[in-house]
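Trainee: Could we walk through this model together? I'd like to know what is worth looking at before I start any calculation.

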Amino acid sequence: MNFDAVIQGIIRYLDAEIYKGMSDWQEMAARIAVSRILGNKDALRSSIINNTFLQTFGLVSPDGMIDVDGLARDLKQQIAAKGKLELSLPIFGRFTFYESDVDHLVGYIKRGE
């Protein structure tokens, strides 16, 4: 999928699913962090698309396409092996993701939910 479509889908997912579980100050800090990361989207796109490590594993192609289906499949397999994926981020708290969350995220990316 096109890089911009993936980014927009991730933003929609964050808006609908992640920010809602945060306190006001956590949400504000998270939105600022995402805004700073996306503030220079061209540099972000270039660093991801031109990353030979990501290209080697077929996650991104030189023309800017991201293998959403392959990445989702691999991520779901790894989450299934552990039962869940837990992330603990200072300031933002603990997040738990299950296989179904990957499908949900992909839905936001592919269908613009």
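This is a predicted model: local features need pLDDT of at least 70, side-chain atom pairs count only at pLDDT 80 or more; totals for chains, interfaces and linings use all residues.

Trainee: Where is Ile91 placed?

Mentor: Look at its backbone: phi is positive, about 80°, although Ile91 is not a glycine. Most residues other than glycine have a negative phi. As for its place, Ile91 sits in the loop between β1 and β2 (93-97).

Trainee: Is Ile91 buried or exposed?

Mentor: The classes go by relative accessible area: buried is under 20%, exposed over 50% and partly exposed in between (1.4 Å probe, protein chains only). Ile91 has 52%, so it counts as exposed.

Trainee: Which residues form the nonpolar patch on the surface?

Mentor: Patches take residues with over 30% relative accessible area and no salt bridge; like charges are joined within 9 Å, nonpolar side chains (Val, Leu, Ile, Met, Phe, Trp, Tyr) within 5 Å. Areas come from the Shrake-Rupley method with a 1.4 Å probe, and for residues only the protein chains shown count as cover. Strand β1 (residues 85-89) gives the largest share of this patch, three residues. With about 290 Å² of accessible area together, the members are Leu75, Leu85, Leu87 and Leu89.

Trainee: Why is Leu85 classed as partly exposed?

Mentor: Leu85 lies in strand β1. It is partly exposed because its relative accessible area is 32%.

Trainee: How many salt bridges are there?

Mentor: The rule asks for a side-chain nitrogen of Lys or Arg within 4 Å of a carboxyl oxygen of Asp or Glu. Lys20 and Glu17 meet it at 3.7 Å, N to O, and Asp4, Asp42 and Arg45 are linked in a network of such bridges. By this rule the count is ten.

Trainee: Which elements does the Asp103 and Lys76 pair link?

Mentor: The side chains of Asp103 and Lys76 meet in a salt bridge, 2.9 Å from N to O. The pair joins distant parts of the chain, 27 residues apart: Asp103 is in helix α6 and Lys76 in helix α5 (residues 68-82).

Trainee: What is the geometry of the Tyr13 and Tyr108 pair?

Mentor: Rings of Phe, Tyr and Trp (its six-membered ring) pair if their centres lie within 6.5 Å; planes under 30 degrees apart are stacked, over 60 edge-to-face and the rest tilted. The structure holds two aromatic pairs. For Tyr13 and Tyr108, the centres are 5.7 Å apart with 75° between the planes, which is edge-to-face.

Trainee: Which residues have the most contacts inside the largest nonpolar core?

Mentor: A core is a set of buried Ala, Val, Leu, Ile, Met, Phe, Trp, Tyr and Cys residues joined through side-chain atoms within 4.5 Å. The largest one has 14 residues, and the elements giving it two or more are α1, α3 (41-49), α5 and α6. Another core lies apart from it, of nine residues, including Phe95 and Tyr108. In the largest core, the residues with the most contacts are Ile66 and Val68.

Note on methods: Residues are numbered from 1 along each chain as its sequence is written. Side-chain values use heavy atoms; hydrogens and water are left out. Helices (H or I, at least four residues) and strands (E, at least two) are DSSP runs, numbered from the N terminus.
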